[in-house]
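Reader: I have a model open and want to read its packing. Can you take me through it in short steps?

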Amino acid sequence: MPVPFIMPKFDMDQEKATIISWSKKEGDPVQFDETVLTVETEKVAIDVPAPATGILAGIQYKDGDVVPVTEVIAYVLKEGESLADLPKTDSQALPTQPEVVSSPQEAPLSKPIIAPQNASVNATPVAIRIAKEEGIDLSKVRALGGNKITRDDVQHYMKEQQKPASRVAVPATPAARRISAETGIPLETVTGSGPRGRVQSADILATVNSRPASTTEIHGREAQVVPLTGIRRTIAERMQQSFQEAPHIALTIDVDMTEMEATRKRFNLQTEKLGQPRITVTALMIKMVAWALVRNPYINASFDDDAISLWQDVNIGVATAAPHGLVVPVLKGADHLGVSEINMRLIELANRARDNKLKLEDVQGGTFTISNLGMFGIRQFRAVINPPESAILAVGSLVRKPVVVDDKDRVEVRPMVSLTLSADHRVIDGVVAARFLSDLLAGIESPGLLLF
């Protein structure tokens, strides 16, 4: 039986993904776990591997198509199988509303009935038997532990269906139900665009947008309601979680950037000779921060319920504005990278963020975050910790101002920057945070220390 190639679900709230490109075409041989296509979620671009080894066949969606998760997008033919073995029912041609068929004999061949759908699903014989006994459409059951639906998957599905009648009366995604509750739009009044009429979050949002502005009132005042979805919701939830769970403390220092600017100029003389991009302040700052993190392991840590994890790797995230919201691409192993390599990787990640082509692994695994709003003229600010990390550094704008530079009260105009460290007080004491900032200041004002 051909193995169905199903659009995977990467996040709990994910309902659909957009196919960016197929790297294999119809009839190409594919290996298990080999990347076959790239899809885009609301957060990042992700490579999708083949579910089995064989021949790619029956591709049902092209580049640019938006596909609901768990939908069959293609098949993999195993040895000895041909196109004639593909299921006859095209998932794209399924009706938008469930149909009740009195008997298989009365159903037209093109109508989806339970048996043909089950036949196209990769499931164990026991799972198929239970599904038939219980009248369950296996195409609605997800394989939670692998590529094949098992008895446990069917039983899990049956438990899910035993929820209150109000939840199953109208098929809808979890995100759609949440937005429905937030906006007060009954699911029953919305026409679902998902498989078999399932209501998607986009359906609720379309209903919201179609409402006249005057119909929406909050506390007696007219307002345009913009429901939280996608990455905006993720940001809101994570920031709320961070402030609720982590008692923040914040410490600020002013740093003289004279030596760091001089170092950057010297580096850029070399990059010009090599034809490489100019070193940015952010790249140098990452190098300095990584150096200071190695010396202060409690800053590079996470808090668990009954323990503190001191991470052995230094993975620094850089808060970046992308077209669809704030993202934090991560430079892995920053403590082992040279400034030039950090600069190159930073440019690559920033470009991918702007083009909405970040991959899931690009935004995972961070142990510390830098947030820089200096380019907007922000002198100083306090950032919210990005959980499960324990600290974040906020970098303000570079300002030239008079500074006392020696014990004779000599004053010079120096380029100065304010750095504010927000720290989780469950993990980081004030003195630990102060020591980290002191080390960071020393590294920035005397870059030669990094050679020791």
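Author: Start with handedness: a crossing is left-handed if the near helix is turned anticlockwise from the far one by less than a right angle, and right-handed if clockwise. Bear in mind that this is a predicted model. With that rule, α9 passes α11 in a right-handed crossing.

Reader: How many helices and strands does the protein have?

Author: The chain holds 452 residues, and 43% of them count as buried. Among contacts between residues at least 6 apart in sequence, 60% join residues at least 24 apart. The count of elements is eleven helices and 21 strands.

Reader: Is α9 parallel, perpendicular or oblique to α11?

Author: The two helices pack at an angle of about 135 degrees, with their axes 9 Å apart. Roughly antiparallel would need an angle over 145 degrees, and roughly perpendicular runs from 65 to 115. That makes the arrangement of α9 to α11 oblique.

Reader: Which residues of α11 does α9 meet, and how do the contact residues divide?

Author: From α9 come M285, M288, V289, W291, A292, L293 and R295. Facing them in α11 are F436, D439, L440, G443 and I444. The contact residues divide into nine nonpolar, one polar and two charged.

Reader: How is α8 set against α9: roughly perpendicular or oblique?

Author: Helix α8 covers residues 258–274. Its angle to α9 is about 115 degrees, with the axes 11 Å apart. The roughly perpendicular range is 65 to 115 degrees. That makes α8 to α9 roughly perpendicular.

Reader: Which residues of α9 does α8 meet?

Author: The crossing of α8 and α9 is right-handed. On the α8 side, the contact uses M260, E261, R264 and F267. The residues of this contact divide into six nonpolar, no polar and two charged. The partners in α9 are V281, L284, M285 and M288.

Reader: What about α9 and α10: oblique or perpendicular?

Author: Helix α9 spans residues 281–295 and helix α10 spans 339–354. They pack at about 125 degrees, with axes 9 Å apart. That makes α9 to α10 oblique.

Reader: Which residues of α10 meet α9?

Author: This crossing is right-handed. T282, A283, L284, I286 and K287 supply the α9 side. The contact divides into six nonpolar, two polar and one charged. On the α10 side the residues are V339, I342, N343 and L346.

Reader: How many aromatic pairs are there, and is the F5 and W22 pair stacked or edge-to-face?

Author: A search of the whole structure finds two aromatic pairs. In one, the rings of F5 and W22 have centres 6.3 Å apart and planes at 80 degrees, so the pair is edge-to-face. F5 lies in β1 and W22 in β2, so this pair ties together parts 17 residues apart in sequence. Both F5 and W22 are buried. To repeat the type asked for: edge-to-face.

Reader: Is D424 buried or exposed, and what does D424 touch?

Author: D424 sits in strand β21, residues 411–424. At 2% relative accessibility, D424 counts as buried. Not counting residues up to four places away in sequence, D424 touches A246, P247, F303, I385 and S390.

Reader: Is D137 buried or exposed?

Author: D137 is in the loop between α2 and α3. Its relative accessible area is 10%, and the cut-off for buried is under 20%. That puts D137 among the residues called buried.

Reader: Where is the cis peptide bond?

Author: Most peptide bonds are trans. P388 is found in the loop between β18 and β19. Here omega is near 10 degrees, and the cis bond runs from P387 to P388.

Reader: Is D409 buried or exposed?

Author: D409 has a positive phi of about 60 degrees although it is not a glycine. The loop between β20 and β21 holds D409. At 58% relative accessibility, D409 counts as exposed.

Definitions and conventions. Residues numbered from 1 in each chain as written. Predicted model: local features only at pLDDT ≥ 70, side-chain atom pairs only at ≥ 80, totals over all residues. Heavy atoms only, no water. Axes fitted to C-alpha atoms, helices over the stretch in contact; angles between N-to-C directions. Helix = DSSP H or I, 4+ residues; strand = E, 2+ residues; numbered from the N terminus. Parallel < 35°, antiparallel > 145°, perpendicular 65-115°, else oblique. Contact = heavy atoms within 4.5 Å. Nonpolar A, V, L, I, M, F, W, Y, C, P; charged D, E, K, R; others polar. Phe/Tyr/Trp six-rings, centres within 6.5 Å; stacked < 30°, edge-to-face > 60°. Buried < 20%, exposed > 50% of the residue type's maximum accessible area, 1.4 Å probe, protein only.
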